[in-house]
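Visitor: Please show me the sequence and the structure, and then guide me through them by question and answer.

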Amino acid sequence: PSLRVMISTSWCTKSIDSESSKRKSFVNFIIFCLLFSITHATVDGVLAYSAAELGVDIGSDAGFTLYLFYTFSSLFLAKPVLYFASAKTGVVFGLIGLLIYVSSFFIALLLGNMAKVIFVSGAAFGGIGAGILWTSQGSYYTINAEIYSRLSFLSDVTVLNNFAAIFSVFYLSFETGFKLLATLVFYLNEKGHNGPSHSWRPVVFGLYTISSFIAVVSFYLFTDSFQHTTDNKAIVIDTTVLHPMHSNKEDFDHSNTSQHTLINEQPKNLTHTEYRRIFLQEALAVSRGFYSSRILRLLIPYQICFGLSAGLIDTYINGVIVKTHIGDGFIGLLSGINTLAAVLSAGPYAWLCNRYPKWGKWTVMVGGGVCFLFAAIPLLMLSDETIAQWPFIVFYFVVHGAARGAWENTNKSVVAEYFTDQSQRQAAFAMVYFSSGLAGAMGYLTFKFMSKIQLALLNVVASCLAIICYHGSFVEFQRDVNRNRNMDRNSIVDERSDIPNGYSQVSRNEMSDLS
């Protein structure tokens with residue numbers, strides 16, 4: 001009886017500890033989503049308004065600089081930062097870069113004669129930060145999800161899908177709110193003036209800067225760094241005793257990545273030569289991943305499609321059509337509708353992916369590609385005045401928002417599912433953001449020199465290639481899954497065939513289950 005009491009007490013204690021750890025893990029993820037989303041919402045607000053408020057030339061130059069530095073930062077800096085520091089440190093560095101970008105726009109509005117130098121310089125820092133940030137947040141988000149999946153006894157894929165939806169809702173909701181705030185301040189300001197007034201701009205973008213600063217400091221102070229190696233190991237070990245079906249840890253880990261993926265092992269006592277060698281090795285890891293992985297190469301056109309489409313919206317739709325025919329103050333409203341549509345699509349997308357694990361993601365990703373295609377087709381068929389009509393322009397931004405929701409939400413989940421090894425996943429996320437950033441940079445650089453028809457045709461071709469190549473990646477991934485399943489089944493049969501007769505046999509029912 002005493003032994004039974006001791007076992008029961010130990011079981012209850014570990015159950016309580018695990019429930020507490022699970023709750024802390026989930027709360028940490030919510031705080032991460034909140035603070036990250038506030039900072040990035042201010043950046044997207046600035047990006048949407050830059051061409052309209054500072055002129056197409058300055059806005060395009062700054063956009064090109066932002067995306068160019070973002071591209072090479074994600075390719076050459078993101079992986080080394082994650083190797084030598086934690087995922088949280090990478091996120092902090094990235095958020096600081098975005099804070100500089102938002103602040104530079106605010107200062108450029110106040111100092112009009114130096115606007116180009118200030119804003120383009122700030123865009124360079126913002127691009128460097130964004131390249132590190134997006135790869136780091138992908139790692140941070142995945143580590144948090146993997147820890148929570150072990151504590152809640154859910155598969156990694158399920159938690160990644162749910163966390164992707166939660167992240168998308170926070171991210172896009174705050175972006176919507178900050179953009180709608182800009183339109184609200186603009187509207188209230190215009191009511192008190194007989195003609196156009198720019199006094200609303202310092203209020204809005206000053207608030208953006210303050211909000212971004214508070215969010216960056218709060219993230220540094222209040223989120224988990226996941227660097228407590230001992231604690232992380234204890235969490236994983238403790239969860240194995242909470243359910244009798246998973247008393248053997250290997251039985252639970254069949255649907256999850258290995259334990260070491262939760263922990264960033266930091267290099268110690270390295271010489272300068274070793275640091276340089278590792279830095280170059282990690283910097284080139286993204287390029288090696290691109291050349292060695294056919295699936296990753298097939299995902300790239302989808303990322304390019306998003307980058308080109310985002311540039312089209314910011315430079316031509318907002319910078320020309322909305323500004324000329326509706327008014328620059330309403331850019332925030334229409335951009336908010338765009339992100340609101342993406343927010344509302346997150347839940348249905350996650351449900352579809354969880355309800356139909358194989359074909360759900362395929363449906364969302366292909367549907368998103370079709371929506372990106374729609375963003376380009378009206379430019380081939382309709383005049384700017386027709387596009388600027390309120391019913392159509394609202395519908396246009398809603399459809400593009402659905403496409404963006406697929407990229408922001410399901411696309412992230414697809415990358416995490418395709419690449420289960422931590423190093424490969426980091427390289428994949430870096431290449432995803434590198435390719436979308438490079439496409440955005442080229443868009444900002446060239447769109448101002450292209451005609452409306454040329455812009456439309458470029459985006460039509462990009463959308464069609466995105467759909468075709470994503471389908472190719474899906475087929476390739478399913479082929480790999482089936483190949484690995486057959487290898488596992490054959491290895492089990494081989495192991496059981498070595499057991500003497502009378503001890504174990506593989507029955508027809510067992511073989512059916514394996515199939």
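**A guided conversation**

Visitor: Which residues does Gln303 touch, not counting residues up to four places away in sequence?
Guide: Contact means that heavy atoms lie within 4.5 Å. With residues up to four places away in sequence not counted, Gln303 touches Trp407, Asn411, Val432, Ser435 and Ser436.

Visitor: On what basis are such values given, and what pLDDT do local features need?
Guide: Residues are numbered from 1 along each chain as its sequence is written, and side-chain values use heavy atoms, with hydrogens and water left out. This is a predicted model, in which totals for chains, interfaces and linings use all residues, side-chain atom pairs count only at pLDDT 80 or more, and local features need a pLDDT of at least 70.

Visitor: Is Gln303 buried or exposed?
Guide: Gln303 belongs to helix H12, residues 294–325; helices are DSSP runs of H or I with at least four residues, strands are runs of E with at least two, and both are numbered from the N terminus. Buried means under 20% relative accessible area, exposed over 50%, and partly exposed in between, with a 1.4 Å probe and protein chains only. Because the relative accessible area of Gln303 is 0%, this residue is buried.

Visitor: With which side chain does the side chain of Gln303 make a polar contact?
Guide: A polar contact is a pair of N or O atoms within 3.5 Å; within protein, one must be able to donate a hydrogen and the other to accept it, and residues adjacent in sequence count only if both atoms are side-chain atoms. At 2.7 Å, the side chain of Gln303 has such a partner in the side chain of Trp407.

Visitor: Is Lys412 buried or exposed?
Guide: Lys412 lies in helix H16, residues 390–418. Its contacts beyond four places in sequence include Trp134, Tyr141 and Trp407. Since its relative accessibility is 4%, Lys412 counts as buried.

Visitor: How far apart are the C-alpha atoms of Lys412 and Ser168?
Guide: Along the chain, Lys412 and Ser168 are 244 residues apart.

Visitor: How many residues does the largest nonpolar core have?
Guide: A nonpolar core is a set of buried Ala, Val, Leu, Ile, Met, Phe, Trp, Tyr and Cys residues joined through side-chain atoms within 4.5 Å. Tyr101 and Tyr470 are among the residues with the most contacts inside the largest one. Tyr101 is in helix H4, residues 87–110, and is buried, because its relative accessible area is 1%. The number of residues in the largest nonpolar core is 127.

Visitor: At what angle do helix H13 and helix H14 pack?
Guide: Two packed helices are described by the angle between their axes and the distance between the axes. Axes are lines fitted to C-alpha atoms, for helices over the stretch in contact, and angles run from 0 to 180 degrees between N-to-C directions. Helix H13 (residues 331–355) and helix H14 (residues 359–381) have axes 6 Å apart. They pack at an angle of about 145°.
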